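The sequence and structure are shown first.

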Amino acid sequence: MAHSHDHGQHQHGTNNKKALGWSLVIISIYMVAEVVGGIYTNSLALLSDAGHMFSDAAALSLSYLAMKFGEKQATLTKTFGYKRFEILAAFLNGITLVVISLYIFFEAFRRFSNPPEIISSGMLIIATIGLIVNIIAALILMKGDRKENLNIRSAFLHVIGDMMGSVGAIIAALLIMFFGWSIADPIASIIVAILIIISGWRVTKDSYHILMEGAPTNVDVHEIKEAFLGMDQVVAIHDLHVWSITSGFPALSCHLIVEPQANHDLILKEANQILQNQFNIEHTTIQIDKKDSSCMEKILYH
């Protein structure tokens, strides 16, 4: 019987952490300013955009904390370290975003029947500054490794989405200023609320899937099974499990049944190469059992 424990290490560059850190500071500060401005101008669109910026700040915080916590060493009581912190926080963040968006919908529909007076000039100034802030944050994140780092890419997409919310608030302010269309404010807020609820639902669904130890969405378990069964001297596979420790950190465990004369070390080496090269899975636990062992009695896959 042989075992393989191949632990992939997630290394995050200094540039990525700096990009996330500065973007988080800029967006968080302006989020507070936008809440104050939304209350002052009585603009639901600005408050909605502030809610969207809250989702950005939460996403950036999670990404930054995931990098920091991921650096902590595993212990005997937390054998995977603190990598799951990101998922737990993401789940709570997703639920919060859904609740925020539902409140925005409620308030927007209430304003349709009784549009309040809005200080359009102040709304325009604040929304324009918000757009500039998001552009700066996007430029900072572009200095990070968006191609390879999932956290940086996710944060960048959040900021791009918030730029759309700022554009919507600017358009609504212009329509109110020049045409007196106060209804443009709740319409813009509903558009932003839709963006928020989509983001919130995705985050909640994806984090729930990981917490339930579901197979990563980008991994086809059937293809892994077929790849293993295509190896020489491998006759069966059972107890195949594929799950995620955290986002972008898949793990696998299984038992491979091999011919009695098979070379266990070569089988392990080939199996790990298949997982790394074809499926990008590096954290593995593979047990080798001979064909005539008692393990054959509990084979789940044929």
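## Strand β4 and its neighbours

In this predicted model, strand β4, which spans residues 283-290, is largely enclosed by the rest of the structure, because six of its eight residues are buried. The chain reaches β4 from β3 by way of helix α8 (residues 264-279), and this β-α-β crossover is right-handed. Strand β3, formed by residues 249-258, runs parallel to β4 and is joined to β4 by eight bridges; within this pairing, H255 stands opposite Q287 of β4.

## The packing of α3 and α6

Two packed helices are described by the angle between their axes and the distance between the axes. For helix α3 (residues 85-113) and helix α6 (residues 184-211), the angle is about 155° and the axes lie 7 Å apart. Since angles over 145 degrees count as roughly antiparallel, α3 is therefore roughly antiparallel to α6. The crossing in which α3 passes α6 is left-handed. The residues in the contact of α3 with α6 divide by class as follows.

| Class in the α3 and α6 contact | Count |
|---|---|
| Nonpolar | 25 residues |
| Polar | six residues |
| Charged | two residues |

## The protein as a whole

The protein contains eight helices and four strands, and from the N terminus on these elements follow the order β-α-α-α-α-α-α-α-β-β-α-β. Across the 302 residues of the protein, 48% count as buried, while in strand β4 six of the eight residues are buried.

Conventions: Residues are numbered from 1 along each chain as its sequence is written. This is a predicted model: local features need pLDDT of at least 70, side-chain atom pairs count only at pLDDT 80 or more; totals for chains, interfaces and linings use all residues. Side-chain values use heavy atoms; hydrogens and water are left out. Buried means under 20% relative accessible area, exposed over 50%, partly exposed in between (1.4 Å probe, protein chains only). Helices (H or I, at least four residues) and strands (E, at least two) are DSSP runs, numbered from the N terminus. Two strands pair if DSSP finds at least two bridges between them. A crossover is right-handed if, with the strands pointing away from the viewer, the path from the first strand over the helix to the second runs clockwise. Axes are lines fitted to C-alpha atoms, for helices over the stretch in contact, and angles run from 0 to 180 degrees between N-to-C directions. Angles under 35 degrees count as roughly parallel, over 145 as roughly antiparallel, 65 to 115 as roughly perpendicular and the rest as oblique. A crossing is left-handed if the near helix is turned anticlockwise from the far one by less than a right angle, and right-handed if clockwise. Ala, Val, Leu, Ile, Met, Phe, Trp, Tyr, Cys and Pro count as nonpolar, Asp, Glu, Lys and Arg as charged, and the others, Gly among them, as polar.
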